Amino acid sequence: MHILVIEDDREAANWLLKGLREAGHVADLATNGPEGLQMARDGDYDVLIVDRMLPGMDGLSIVRSLREEGDQTPALFLSALGEVEDKVEGLRAGGDDYLAKPYSFSELLARVEVLGRRKTAEPVQTRLRVGDMEMDLLKRRVTRAGQEILLQPREFKLLEYLMRNAGNVVTRTMLLENVWNYHFDPQTNVIDVHISRLRGKIDKGFDKPMLHTVRGSGYVLKAD
Amino acid sequence: MAPAADSTTHSTPAETGGKSSGTGKNADTSQAGYAAETVTGRGPHTQRRGIWRVVRTSTFRLVAIYLLVFAVSVAAVLAYTWWQAQRLLQAQIEQTIAADVRGIAEQYAINGPGGVVAVLRRRTQQGVPGGLYLLSGPDGKVLAGNLPQLPEELQKRERSGWVDFTISVITPSGPRERHVRAYYIHLAEGLHIVIGRDIEHLFQFRRVIRNVLLWTLGLTTLLGIGGGLLLSRNFLRRIDGITASVRAIRAGRLARRVPVEGSGDELDRLAEALNDMLDQIERLMQGMREVSSNIAHDLKTPLTRLKAQTENALRAGGEEQRREALASTIAQADELLRTFNSLLLIARAEAGQARAGFSEVDVAEVAREVAELYEPIVEDMGGEFALHAPRRALVLGDRQLIAQALVNLLENAMKYGVPKEGALRLSVEVRTGREHVDIIVSDNGPGIPEEMREKVKERFVRLDKARSAPGSGLGLSLVASIARLHDGELRLEDNAPGLRAVLRLPVRRDAGKAGQSKGDRGGGIDTSGEARA
């Protein structure tokens with residue numbers, strides 16, 4: 001993936017670039033607002049990682065300008081301002097995701113990869129398919145290898161999110177935000193319990209498990 | 001008015017200075033400010049102040065403007081009344097004169113001048129009230145009538161028409177001028193006829209009106225200015241009270257409050273609002289002070305540990321050891337971050353900023369969602385989980401914060417509420433009352449001793465027993481702040497055995513009735529009052 005990082009803190013930026021490159025992505029850096037906007041306009045990026053507070057032009061304005069020009073490149077805001085209102089403000093300006101500092105790299109990577117995929121896919125789908133698992137969004141039915149799996153509504157939502165992001169790591173925070181719509185971190189492993197219940201329903205009795213735990217990051221749903 | 005008179009002399013130099021030049025006026029202002037400040041310093045001696053300060057108040061200005069408007073309207077009404085009345089009277093007089101003129105003209109047409117003389121004699125003998133008549137010859141000799149002579153203004157006149165003149169009348173108190181309105185006829189033979197009426201009463205009427213006007217305006221102005229001064233002085237006194245308090249607070253006496261008279265008027269409301277603001281600021285400052293000292297104390301320990309571990313990692317020989325030390329360092333850092341985030345959340349909740357984002361929140365729904373999130377984990381722990389919630393329980397608040405509070409209570413119960421023997425029985429109950437919605441989380445664990453129940457709501461306070469378990473000591477304190485943010489409260493009670501935490505939130509006023517009425521229940525999809533998870 002081709003990623004543009006707009007971040008004025010050199011040390012944080014280098015750490016970010018290094019991590020992204022190690023994960024197999026191509027990453028460029030802009031260290032101020034106007035430069036970032038110019039690079040975002042000129043280059044063909046899959047994802048923008050934008051710091052909120054930048055010299056010259058703040059992150060919100062950059063993304064707002066791009067959106068006004070019709071540029072829909074997914075953007076993830078990074079900010080020390082972590083409160084819900086700030087998140088809402090970022091999303092309203094045209095951002096696609098928001099991560100409060102300090103963040104863990106695995107959390108950032110998972111979100112960036114999910115955003116990068118979103119750019120290419122996602123016409124309105126009524127059916128999701130991962131390997132031999134199929135989800136009918138209209139009939140609210142899930143089958144694996146033709147065998148119906150009965151799910152609770154929340155389990156269905158959880159699986160839907162995992163299927164939409166199949167192949168990508170999703171973190172516990174992402175699940176809590178997107179499946180439960182809660183923007184805080186519980187102290188206990190609530191998500192793990194829900195995942196293990198879901199796993200019991202979709203993987204038990206099948207020879208190949210699909211829902212995998214990624215240590216230190218989160219979970220991934222994949223066909224093989 | 002004695003103090004006012006006293007203060008007039010007091011401020012005379014300032015007054016003349018203000019009139020002569022702009023700088024003088026400035027000097028006056030600063031002097032007044034200085035005076036107020038020193039007076040404040042001295043205490044209750046606030047009565048000494050210049051009348052010009054009173055005059056410059058907005059109350060006085062309002063009174064003056066009102067007075068002006070009132071005076072102008074009164075003058076206008078009186079002038080109009082007078083003008084209309086006079087017009088009417090004058091028209092009546094002119095009509096009677098015209099009737100007279102017609103009668104005399106007829107006589108003249110029939111009998112000539114002799115007829116006119118006869119009529120005039122008859123009229124004067126009859127004594128028509130206020131009627132004045134005259135017929136004089138070309139030489140000015142009076143032939144008939146009760147006017148002593150042809151008035152001077154008419155001697156040269158040759159054209160007939162309406163005339164006004166004055167005559168002198170001898171009264172017991174001396175000669176007096178009287179106004180006359182008359183019709184003057186100049187006949188071809190050099191004869192002059194004057195048929196008029198005494199209209200002195202019209203002029204008297206005008207004088208009365210003018211006097212009434214002058215008296216009214218004079219009295220109104222006097223009373224208005226006096227009242228204005230009194231009102232303004234009262235107003236100024238109260239404003240000075242507020243100013244003095246604000247100055248005292250600025251000078252560092254933070255506990256000082258603006259005086260409230262108890263009349264409930266707009267100044268009292270202002271004073272109350274100011275006091276509320278001051279209370280809030282004081283609370284915030286106190287909170288900040290507390291938090292900073294707590295942070296200093298309680299974050300030092302984990303930071304020291306973190307540092308030691310990092311140093312160990314640096315010194316450690318084996319790759320595996322190093323890896324382990326680093327992993328533990330990250331875990332510690334995460335724990336610190338979480339503590340820090342909780343502190344920020346508490347600070348935010350206490351600052352009340354979040355109120356701006358308040359909206360209608362269905363606590364019952366939040367409870368169902370959170371219960372659904374936590375039920376599996378409680379069951380995995382081998383515990384029992386029960387939820388009792390009505391279909392709807394609306395409050396005005398922040399959904400994220402309320403959910404966070406409930407999550408904290410649940411996690412608290414899961415961490416500290418497990419009984420030594422037997423299984424954890426955790427229940428979440430939402431109860432709606434007329435005024436409040438209660439979110440009740442109860443467990444069957446060891447509970448909290450009564451003397452510690454208030455204490456544990458403070459930041460970083462943990463029960464001794466709990467020290468071994470992980471936690472920052474901020475969970476309940478965050479719940480308490482969230483409760484306060486919503487004008488509610490957190491109560492910790494004995495569940496015998498166990499702890500019963502009651503998060504009480506005020507019901508959303510306008511929606512409360514709808515949420516409880518039977519009609520509303522019937523209209524919903526789910527008609528059962530309770531749901532059990």
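Me: At what angle do the axes of helix 9 of chain B and helix 12 of chain B cross?
Reply: The crossing is at roughly 20°, and the axes of helix 9 of chain B and helix 12 (residues 475-485) of chain B come within 8 Å. Helices (H or I, at least four residues) and strands (E, at least two) are DSSP runs, numbered from the N terminus. Axes are lines fitted to C-alpha atoms, for helices over the stretch in contact, and angles run from 0 to 180 degrees between N-to-C directions.

Me: What kind of model is this, and how is the numbering done?
Reply: This is a predicted model, in which local features need pLDDT of at least 70 and side-chain atom pairs count only at pLDDT 80 or more, while totals for chains, interfaces and linings use all residues. Residues are numbered from 1 along each chain as its sequence is written, and chains are lettered from A and ligands numbered from 1 in the order in which they are written.

Me: Back to that helix pair: are helix 9 and helix 12 of chain B roughly parallel or perpendicular?
Reply: Helix 9 of chain B and helix 12 of chain B are therefore roughly parallel to each other. Angles under 35 degrees count as roughly parallel, over 145 as roughly antiparallel, 65 to 115 as roughly perpendicular and the rest as oblique.

Me: Which residues of the two helices meet?
Reply: From helix 9 of chain B come B:Ser342, B:Leu345, B:Ile346, B:Ala349 and B:Glu350; they meet B:Ser477, B:Leu478, B:Ser481, B:Ile482, B:Arg484 and B:Leu485 of helix 12 of chain B. Contact requires that the C-beta atoms of two residues, placed from the backbone, lie within 7 Å.

Me: And what classes do those residues fall into?
Reply: The contact of helix 9 of chain B with helix 12 of chain B divides into six nonpolar, three polar and two charged residues. Here Ala, Val, Leu, Ile, Met, Phe, Trp, Tyr, Cys and Pro count as nonpolar, Asp, Glu, Lys and Arg as charged, and the others, Gly among them, as polar.

Me: How confident is the predictor in chain B?
Reply: The mean pLDDT of chain B is 78, and 82% of its residues reach 70 or more; pLDDT is the predictor's confidence in each residue, from 0 to 100. Over residues 1-48 of chain B the pLDDT stays under 50, with 34 contacts beyond four places in sequence. Residues 511-533 of chain B also have a pLDDT below 50, with 31 contacts beyond near neighbours in sequence. Where pLDDT is low, the predicted coordinates should not be read in detail.

Me: What scores does the complex get?
Reply: The predictor gives the complex an ipTM of 0.76 and a pTM of 0.56.

Me: On to chain A: what is the strand order of the five-stranded open sheet?
Reply: The order is 2-1-3-4-5, with parallel pairing; two strands pair if DSSP finds at least two bridges between them. Strand 2 (26-30) and strand 5 (97-100) of chain A are the edge strands, each pairing on one side only. On average, neighbouring strands are turned by 20° against each other, direction ignored.

Me: Which strands does helix 1 of chain A lie across?
Reply: Helix 1 (residues 10-22) of chain A lies across strand 1 (2-6) and strand 2 of chain A, at about 165° to strand 2. Helix 2 (residues 33-42) of chain A touches strand 1, strand 2 and strand 3 of chain A, and its direction makes about 145° with that of strand 2.

Me: What about the open sheet of three strands in chain A?
Reply: Its order is 10-12-11, and the pairing is antiparallel. Strand 10 (169-171) and strand 11 (211-214) of chain A each have a single partner strand, so one side of each is left without a neighbour in the sheet. Strand 10 and strand 12 (residues 218-221) of chain A pair over three bridges, and A:Val170 has A:Tyr219 as its bridge partner.

Me: Finally, how many residues lie between strand 9 and strand 10 of chain B?
Reply: Three residues lie between strand 9 and strand 10 of chain B, which form a hairpin. Six bridges join strand 9 of chain B to strand 10 (residues 436-442) of chain B, and the two run antiparallel. B:Glu429 stands opposite B:Ile440 of strand 10.
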